[in-house]
Amino acid sequence: EGVQPQEYVLIKMEVIPPFPTKLKILEGRKVYLAAATLRPETMYGQTNCWVLPDGVYGAFEINETDVFIITARAAVNLAYQHLSRVPEKPTCLCELSGNDLIGLPLKSPLAFNGTIYALPMLTILTDKGTGIVTSVPSDSPDDFMALQDLLAKPALRDKYGVKDEWVPKDIVPVIHIPEFGLKSAEKVCHDLKIKSQNDREKLAEAKRMTYLKGFTDGTMIIGEFSGRKVQEAKPLIKHKLLKEGTAVLYSE
Ligand code: A2H
């Protein structure tokens with residue numbers, strides 16, 4: 001963690017009822033997997049959600065209606081940021097493992113795909129954000145490689161009980177970058193010859209390259225702000241999500 005606090009946008013990925021047995025006690029409530037992102041302008045391209053299979057999560061009461069599934073660590077931080085039903089005290093309705101979340105159908109704001117699913121990512125850090133990550137394989141090298149691994153490795157899908165119909169077949173392009181085209185993550189992962197989601201050093205380089213170019217040279221090619229520069233669209237999309245209540249701010 002750095003010296004300066006990092007501000008994330010938490011995207012409320014709504015769990016579509018009816019709930020499976022492990023989530024039954026949450027029935028009747030609005031339940032969300034809350035994903036921390038630095039790139040709200042890419043949300044059109046969400047194809048799935050990522051959870052850590054061995055991760056420990058909880059279902060926390062955020063207010064009278066909403067429940068967020070996140071790590072306990074994030075719930076404590078949220079409770080000190082006015083995002084807990086009981087001020088400064090997280091209330092957990094049930095504990096869940098990442099494995100319990102795999103396969104949940106979700107509806108996420110701005111996503112071009114109507115229903116997306118929670119899938120396993122093995123490199124999620126439990127001491128950053130909420131432990132839930134939304135997947136935008138067009139623009140995130142980590143997301144692109146985790147998806148490649150699932151698509152290319154039937155044994156990996158089997159290990160985590162992932163059904164083929166949960167795995168997105170198509171990437172949804174969001175941003176055009178002159179140097180990298182419409183699927184910058186795929187292009188950079190290919191150019192750097194990245195083999196898997198565990199290729200951490202090369203992925204750090206890929207992230208650095210795409211993050212910077214996307215912001216400085218990128219143009220939106222989808223949604224309300226299509227044709228606008230990413231630099232202009234980013235704050236507009238962030239405020240739109242916050243205003244409509246499909247996202248909240250979170251700092252750590
Ligand atoms: B970003 P930073 Cl399109 N473990 O959102 C691993 N990764 C996590 C995480 C966790 N616990 N919590 C959040 N993240 C991811 C979108 C995106 C992101 C795009 C491109 C790049 C990118 C869609 N995934 O991040 O260490 C989230 O993925 C590249 C930096 O705080 C979040 O933003 O800088 C980003 O990492 C936060 O990472």
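Author: The buried residues of α5 are Ser 184, Ala 185, Glu 186, Val 188 and Cys 189, where buried means that 20 or more other C-beta atoms lie within 10 Å of a residue's own, exposed means 12 or fewer, and partly exposed is in between, with C-beta atoms placed from the backbone. This is a predicted model, in which local features need a pLDDT of at least 70 and side-chain atom pairs count only at pLDDT 80 or more, while totals for chains, interfaces and linings use all residues. Residues are numbered from 1 along each chain as its sequence is written. Helices (H or I, at least four residues) and strands (E, at least two) are DSSP runs, numbered from the N terminus.

The buried residues of α5 pack against α3 (141–152), β10 (175–176) and α6, two residues being in contact if their C-beta atoms, placed from the backbone, lie within 7 Å. Two packed helices are described by the angle between their axes and the distance between the axes. For α5 (residues 184–191) and α6, the axes come within 10 Å and cross at roughly 145°; axes are lines fitted to C-alpha atoms, for helices over the stretch in contact, and angles run from 0 to 180 degrees between N-to-C directions. The crossing of α5 and α6 is right-handed, a term used if the near helix is turned clockwise from the far one by less than a right angle, with left-handed used if anticlockwise. On the α5 side the contact is made by Ser 184, Ala 185, Val 188 and Cys 189, which meet Ala 206, Met 209, Thr 210 and Gly 214 in α6. By class, this contact of α5 with α6 has five nonpolar, three polar and no charged residues, counting Ala, Val, Leu, Ile, Met, Phe, Trp, Tyr, Cys and Pro as nonpolar, Asp, Glu, Lys and Arg as charged, and the others, Gly among them, as polar. After α5 comes Lys 193, whose phi is positive, near 55°.

The protein chain averages a pLDDT of 97, and 99% of the residues score at least 70, pLDDT being the predictor's confidence in each residue, from 0 to 100. Within the protein chain, confidence is lowest in α6, at a mean of 94, and highest in strand β3 (residues 48–51), at 99. The model scores ipTM 0.99 and pTM 0.98.

Backbone geometry elsewhere deserves a word as well. Most residues other than glycine have a negative phi, and most peptide bonds are trans. Leu 110, in the loop between β7 (105–107) and β8 (116–120), has a positive phi near 70°, and Leu 110 is buried because 22 other C-beta atoms lie within 10 Å. Glu 88, in the loop between α1 (72–79) and β6 (92–97), has a positive phi near 60°, yet Glu 88 counts as exposed, with 10 C-beta neighbours inside 10 Å. The peptide bond from Pro 17 to Pro 18 is cis, with omega near 0°.
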